[in-house]
Amino acid sequence: MAQGQLSALVVLRPKDGRRLTGSEAITSETVDRYRPSPEGASRVAAYFRDAGFEVSELGGISFSITGPRSLFEKRFGERLEPRREGGVDSVRTEGGRLELPLDRLPPEVAGHVQAVTFTPPPDFGPGNP
């Protein structure tokens, strides 16, 4: 990741369009139930690529997007605050959330997205008991 670049994870909804609830573990035996539609994944990736983000390959139910802070702020309409947490650099919204709002995404894209989120800092290491 280049200097000044941020990276977030785009988690896609299952191909049947339902929302993930977190109540069931996604395992190698159940992953096919949660796999996004190829068309939906392609549409979402193309949207972020066209918006100027670097887009990784789909891995399971998600892919990452990388870009400058200003691009994230413009696309999602949310100020971001880089922080130092748990001995590592992290990013949160001005309100302290890891997830970005999806309301500025076009409906044909947002319908395939469960969440766009920054990685939480580890709960171990310097500054943590």
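Modeller: A helix here is a DSSP run of H or I with at least four residues, and a strand is a run of E with at least two; both are numbered from the N terminus. By that rule Glu73 and Arg69 both lie in helix 3, four residues apart, about one turn of the helix.

Biologist: What kind of model is this, and how are the residues numbered?

Modeller: This is a predicted model, in which local features need pLDDT of at least 70, side-chain atom pairs count only at pLDDT 80 or more, and totals for chains, interfaces and linings use all residues. Residues are numbered from 1 along each chain as its sequence is written, and side-chain values use heavy atoms, with hydrogens and water left out.

Biologist: What makes the contact between Glu73 and Arg69 a salt bridge?

Modeller: A salt bridge needs a side-chain nitrogen of Lys or Arg within 4 Å of a carboxyl oxygen of Asp or Glu. For Glu73 and Arg69 the N to O distance is 3.1 Å, so the pair qualifies.

Biologist: How many salt bridges does this rule give?

Modeller: The count is five. Among them is the pair Arg18 and Asp16, at 2.7 Å from N to O. In another, the closest N and O atoms of Arg97 and Glu78 are 3.0 Å apart. Arg97 is in the loop between strand 5 (88-93) and helix 4, and Glu78 in the loop between helix 3 and strand 4 (80-85), so this pair ties together parts 19 residues apart in sequence.

Biologist: What makes strand 1 and strand 6 a pair?

Modeller: Two strands pair if DSSP finds at least two bridges between them. Strand 1 and strand 6 have four, in the antiparallel sense, so they pass. Strand 2 and strand 3, also antiparallel, are joined by two bridges. The open sheet has four strands in the order 2-3-1-6, with antiparallel pairing. Strand 2 and strand 6 are called edge strands because each pairs on one side only.

Biologist: What makes strand 6 largely enclosed?

Modeller: Five of the five residues of strand 6 are buried, so the rest of the structure largely encloses it.

Biologist: Which residues of helix 2 are buried, and why are they said to be on the same side?

Modeller: In helix 2 the buried residues are Gly40, Ala41, Val44, Ala45, Tyr47 and Phe48. They cover an arc of only 155 degrees around the axis, which puts them on the same side of helix 2; the arc is that of the directions from the helix axis to the C-beta atoms. The face turned away from this buried side carries the exposed residues Pro38, Glu39 and Asp50.

Conventions:
Buried < 20%, exposed > 50% of the residue type's maximum accessible area, 1.4 Å probe, protein only.
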